[in-house]
Amino acid sequence: MIEVKNISKKFGRKKVLDGLSFQANKGEITCLIGINGSGKTTTLKAIMALTPISEGQILIDESPISKSSYEKVTFIPDTITMLPNMTIKESMMFMRDFYTNWNADRASQLLSFFKLDENTRISELSKGNAAKINLLLGLSIDVDYVLMDEPFSGIDMFSREQIADVFNSHLIEDRGVIITTHEIGDIEHLIDKAVLLENGKVLKEFNTEEIRMQEGKSVVDVMREVFLR
Amino acid sequence: MKRYWKTIVITLAVLLGIGTFYIRNAVSASSLPQFTFVKESGDDSEIMPIVLAGSFDRSGHFGSSEGLQIVDNEIQYSSEQSLIEQFTEGYRGEYGLIDLQEKYRSFMRGKWGSASFYEDKDFLLYATIKEEGSSEKKDFSFSISLLDKENEERTDIKIEIPMKRSIIYMGEVDVQMVGRMLKVVAEHAPYTNSDFEDKEVHVYTIDLSSKKIIADDLIFYSENAGESFINYQRLAQNNIRNPNKYIVYEKYSVQEGTDSYGNKTMEKRASELIAYNLETGKQQTIQTGRLNNPDYSGYESFYNDSAIYVIERNAEKLKIETYDIHRKKLMKTFEFPVLSSKNTEDTKVIIKNSRIYLYSADESYPRQTKQPPAQLIIADLMTGKTVYKGKLVAKKGTEMEGILRTHYMEIK
Amino acid sequence: MNRFLKLVNFEINRASKLFASLLAIVAVSQFAGVVVRSKSYVSEASRVMREQSITQAEFLSSHGTISFSQIITSLWFLGPIALSAALLILYIFLIWYRDWFGKNTFIYRLLMLPTERINIFFAKATAIVLLVLGLIAFQLFLLPMQQTILESLVPAEFLGYSDYHHALNSFWFLSLIIPHSFDQFLLSYGVGIMAVFLLFTAILFERSFRWKGIVIGILFIIFAGLLLMAPFFAEDMLYPTELLLLEGVLLILITALSIVISRFLLNKKVTV
C-alpha cells in the first residue's frame, strides 16, 4: 500500500500541494484526476522523492522511501528518460545493469508486441513509440507499484490502443498502479479508484465500482458534480 | 566486459603512465649538473657547514632557471625536491635558527630573525619591535620573551615605545644583555620631507625586572649639509645571537656631484669605524686608511667580540685586516686570491667559527656558456693558514652549458 | 560489478567522444609543433649562416641552441592543453546540467536507480578525475616521443637541453599539472578533486534552491577557500611541517563536508 499522508509543498508562495492525502492499494488502479496544475505530477514525483515536500509523510508498504524502494516502485514519466543517442537495446541493457529485478523476457515480449526494432535509437522514435518504450522500461521491472504520468496524452490512436491493451493484460494485474490523467475517457472502465484533485487538495476519493453499484454514477458524473459544483 | 573497455583502458593508462613517470622520477638520476666542491688541498670536513643557495640557467633554455641549494656538499635542485622538502628545508632560509627551533620548539614558535635573539649559557632572549597603526600615525612597542634555560621559565613582556617624532620604520638590528639590562639596538627611519633618507641608531636599555625602558640613547644619526652627507652602516656580526660587548658601525661621508653626462653621482670621501661599548656607552674610533677606498663598502666587514675584520678586495685578491678594539691596533693582515669577475657581488665572504669562508665565482652576464668553476677558500683567522681550497665543479658526465649563480651563502 | 562502477563506466562512455577528440587535438597540434619548430629553427640557422656568412659557433653564440623548453612553451603545445583544461572545467557543470536540461530528462532515471544517490555524485566526480588523469597520462606518453623527434630533426651541435622532465617546469601551468615529485602530484590533484567536489556541491545547491542556491553555493565555496587559507594568516606562528599537516587536514575536512552536504541535498532537497 502506498500511503500519502497530508503532504504539502510550496513553489515560492504558491502552494502546489496542500494537505493532500490518499491511499493506493496493491492490485488496484488508482487514478489521480485533475486539470493541469492541480498537483498530479508533483504528487507522483513526491512519492518517488524527486521533489522535496515541506510537510506530511509518504509510506510505501509502511516504510519511508529509500534506495530499495526503487526496486519496489517504478515511475513512468510522460517523457522518455533515456538518452537520445542510446538504442532501445542499450536502454534495456542499462536497466538490466542496475535493477536486479529486471525481467528480460517480459521486455522482449513487450518489444515484439509493440513491433519495435531494438536497434532503433531513442531519438528516432515517434512520440507514440517513445511512450511505448517508456512503458516497456517501466513495466519490465518486477515491481509492486507502477506510477504513470499521463500515459495517453499526445499519442496517436493506434499507439493508444496498444497501450490500453497492455493495461488490460496480466502485466498490470497484481500490481498497484497510480495513474494521472486530465481526460478520463480512455481509461474510465479500467480504474478501480479515482482521486479528484484541485489546487493541490483532494476534493473527493471514491471507489468507481461502489459508486456505480450504489449510486449508479459514472466517474464522469462524479467529476461533473465535484468540479462544476 | 566488452562494454567496459574504454573505462578499463583509461584507468590502466592512468595507473601505468603516471605510475611509471613518478617511479622513474624517483629512482633515475638527475639530468641537471651535479655541482660539488672538489678539494685541491686541505680538509674535506671544513666545507660541511657551508650552505649555498642559487640557480642554474641552462643555455638555450626558455623559462625559469633551476633553483638549487648546496648543503653538506650535496646539491639539491628545488624542482627535484619533494613538496615536504621544499616546505621544510630552506624555508625562510634561516639555518641559524634551526638548532634553537629543535631545542626550544614551543618558545621559538612564531619567532624569526636571527638579529632579534640573544643567547648565553643561562638565557635565551627574543626582542622585536612591533608596529601598529596606519602609515600616518604609527605606534611601536617591544615584544620581549625571555627563557630561563635552567628552569625553563618563560616571561613575555610588552612595552610601549614613547615616540617623540613621526617614524616611518623602526627595526631591531641586535639584541644584547648587560647584567639584567636588555639592550636593543634599533635603527629608525624618521619621517622627513626631503629625498634624503634619515637614519638614527638608538640603543634602548630595558630593565627586565621593572619592565620599563630606562634609557633611549641616540648613538648615531645621519647628517646632510648641502651636497655632502654623513651616514652610518652597521658591520656584519659573526654570531649575532652570542653575547657581544660592542656594536660596530662604519661612519662614512659622501659627496654628491654631477658626472659629464649630467647624472647625479655619489662619491665616497672618508670613512672610519666606530665601536660602541654597550656596557659603558662609550665610543671608540678606529682609523684605517683602507676604508677611504671608494670601492670599499662596510657591509662586507665583520666584527666579533673585540675584533673587527675589515675586508677589502680588488679584482684578483681579497685582503682581510684584523683590528683589536681594546688595543686599538691592527693585529693581522692576510691576503687570499679570488676569481676575477666584473661583479664584486660574485664573491661572498663570511667570517664565522674563527674561519673565513671565501667563495668567488664569475657569474657575469652576457651568458658565458663556458663558465669557470667557482673557487672556495676556507682559512683560519688566527694563523691565516688555508685549511681548505677547492673548486665547485659538476660531476663527470653531468656537465652542461649554462651559468651557475649563487645569491646566498650561510655558515651553519 | 557494482552499481557505482557501472555508473562510472556509463559517464565515461558518455564523455568518450569529447575525450577522443581532445586526445586527437593534443596529439596533432603538439607533434606538428615539434616538427614545425625544429624545422624552422634548422632552416633559420642555415639561412643566417649562409646569408651573413658566419660560422656555426658564431650563430650559436648569437642565436643560441634550441631546447625542448622552447617547444613546450609554444602555442602549439600549450594551446591544446589550455583547451582541454577549459573544456574539462566546463564539463564539471555540463556533467550535471545536461541530465536536467538535455533532450530527455535523464536525471529521472539516475535519481530512481536502486542505489545510494551519492553514488551518482561520486561516479560523476570519478569520471572527471579519470578524464583529467587520462589526458595527463596521454601527455606523458607523448613527451618522450616528442623529445625523440626533436633530437632526430636537429643536429646535435644545435641542440640544447632536450630532457622533457625538466622542460616541464619552464611553464608554471605545466609544473602544476605534471609536478616533478609524487607528493606534489598528490597535492595538485588533491586540491583539484576538492575543487570538483565543491563545484558539484554548489551545482546541487542551485538544483535544490535555484536562485537562492546559487548564492549559497558561492558562499560555500568562498567559505571553503577562506578556511583553506586561514592557516596562512597565522603562518608566522606555525612551523612549516605543522602548516603542511594542517592544510592536509583542512583539505580532507572540506572535501568530507562537501560530500555530506551533497548527500543531504541529493536525498532530501534536489528537485527534478
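pLDDT is the predictor's confidence in each residue, on a scale from 0 to 100. The mean pLDDT of chain B is 85, with 92% of its residues at 70 or more. Among the elements of chain B, the highest mean value, 94, belongs to helix 1 (residues 5-27), and the lowest, 80, to helix 2 (residues 83-88). Where pLDDT is low, the predicted coordinates should not be read in detail.

Chain C contains 10 helices and 0 strands. Along the sequence its elements accordingly read α-α-α-α-α-α-α-α-α-α. The radius of gyration of chain C is 24 Å, whereas a compact globule of 272 residues would have one near 19 Å. Along the principal axes, the C-alpha atoms of this chain fill a box of roughly 80 × 55 × 35 Å. Of the 272 residues in chain C, 52% count as buried. Among contacts in chain C with a separation of 6 or more, 78% are made by residues 24 or more positions apart. The accessible surface of chain C amounts to about 11900 Å², and carbon and sulfur atoms contribute 74% of that area.

Strand 6 of chain A pairs with strand 5 (residues 73-76) of chain A in the parallel sense, over 4 bridges. In this part of chain A, A:Leu147 of strand 6 stands opposite A:Phe75. Strand 6 of chain A also pairs in the parallel sense with strand 7 (residues 176-181) of chain A, over 5 bridges. Here A:Met148 has A:Ile179 of strand 7 as its bridge partner.

Over all chains, the structure holds 40 salt bridges. One of them, in chain A, joins the side chains of A:Glu225 and A:Lys217, with an N to O distance of 2.8 Å. Both residues fall between the limits for buried and exposed, under 20% and over 50% respectively. A:Glu225 has a relative accessible area of 42% and is therefore partly exposed, and A:Lys217, at 21%, is likewise partly exposed.

In chain B, a salt bridge is formed between B:Lys391 and B:Glu40, whose closest N and O atoms are 3.4 Å apart. B:Lys391 is partly exposed at 26% relative accessibility, and B:Glu40 is partly exposed at 43%. A further salt bridge in chain B connects the side chains of B:Arg154 and B:Asp156 at 3.3 Å, N to O. With a relative accessibility of 38%, B:Arg154 counts as partly exposed, as does B:Asp156 with 48%. In chain C, salt bridges with shared partners join C:Glu11, C:Arg14, C:Arg98, C:Asp99 and C:Lys124 into one network.

Notes:
Residues numbered from 1 in each chain as written. Chains lettered and ligands numbered in written order. Heavy atoms only, no water. Salt bridge = Lys/Arg side-chain N within 4 Å of Asp/Glu carboxyl O. Buried < 20%, exposed > 50% of the residue type's maximum accessible area, 1.4 Å probe, protein only. Helix = DSSP H or I, 4+ residues; strand = E, 2+ residues; numbered from the N terminus. Rg over C-alpha atoms; globule rule 2.2 N^0.38 Å. Contact = heavy atoms within 4.5 Å. Areas by Shrake-Rupley, 256 points an atom, 1.4 Å probe, with all protein chains shown as cover. Pairing = 2+ DSSP bridges.
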